[in-house]
Amino acid sequence: MICPYCNSSVEDGNTFCTTCGKPITSQNIYGGQQDPYGAGTGQYVQPSAQQNAYSSPQGYGQQSYGQQDPYGAGAGQYVQPGAPQSQYGGPQNTYGGQQNTYMPQGNPYPGVPPMNTGSSIPDVVIGPNGQQLGMNWFKFIIYVQLFLTSLGALYNAYQLLSGKIYDNDQGVTAEQIFRLFPSLKTVGIVSGLLFLVVAGGAIFTRFQLAGFKKNGPMFYFIVIGIIIFANFIYIIAAVSEVKKYGFPASAIVQPGIVGQIIGYVILVVCNIIYFNNRKKLFVK
């Protein structure tokens, strides 16, 4: 115990101070309030202190700092005054001042139900008519297709700029083709440069889409459009050139190029519908 007169240490149970000789009672030790725990416990009780739910006085280890301790004596948890309470009496878990739901504040996927299991891309989204729409094709675009598109464009650029596209198993070389059809070299350079743009644009578009940027789908269609345009002008120029000398188009134009153009046109049409149903995701 501490003597209230001289602040000297006094053994528990003494009724007078051994230093100043003054009498010591439970009333003067505890500031005019009877010690509810019995004389000599040494616990400070604040006068008119708020009582907790178990009728125990709030000591320093039990104060709730502005609000009664909702978890019982001694929980020691800070409760903000006016904070919403859960059904169990404790403070309600909140994010940004509102009740926590499946959609924490800052979620970039409005309308996404709680079906995502750890991936940064949602598994499904809610469509304009309330239907659930899958995102597997979108994942294929950003994780596979655009990387392959970039690599393919680099390969095509190399083939066109170097003239390797004209080499074949019959011993025909690019030099021979250019001597016969001089303008094909210019066509190859222009088409090759366009494919270099595609190679860089595909990687840029990939990160735009993955970040759900507002213009991400637009850049995607621009990349596909450049591929179609580069192949188209190559076919038109090459066919026009060889026909001037009486050669068939098949002598210079590979049949696979026409198929690529048709495939990319179908891809654009399908993806316009696909991204239009998911346009609310791209708002950044």
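1. Two residues are said to touch, or to be in contact, when heavy atoms of theirs lie within 4.5 Å. The model discussed here is a predicted one. By this criterion, Leu 209 touches Phe 138, Ile 141, Ile 142, Leu 146, Gly 216, Pro 217, Tyr 220, Phe 275 and Phe 282, with residues up to four places away in sequence left out of the list.

2. Leu 209 also belongs to the largest nonpolar core, which has 44 residues. Together with Met 135, Phe 138, Tyr 220, Tyr 234 and Phe 275, Leu 209 is among the residues that touch the most other members of this core. At least two residues of the core come from each of α2 (136-162), α3 (174-180), α4 (183-210), α5 (216-243) and α6 (255-276). The greatest contribution is that of α5, with 11 residues. Another core, of 5 residues, lies apart from this one and includes Met 1, Cys 3, Val 10 and Ile 24.

3. As general background, nonpolar side chains tend to be buried together in soluble globular proteins.

4. Turning to the overall fold, the protein contains 6 helices and 4 strands. Their order along the sequence is α-β-β-β-β-α-α-α-α-α.

5. How much of the protein counts as buried? Of its 284 residues, the buried share is 33%.

6. A final point concerns contacts across the sequence.

Methods
Residues numbered from 1 in each chain as written. Predicted model: local features only at pLDDT ≥ 70, side-chain atom pairs only at ≥ 80, totals over all residues. Heavy atoms only, no water. Buried < 20%, exposed > 50% of the residue type's maximum accessible area, 1.4 Å probe, protein only. Core = buried A, V, L, I, M, F, W, Y, C linked by side-chain atoms within 4.5 Å.
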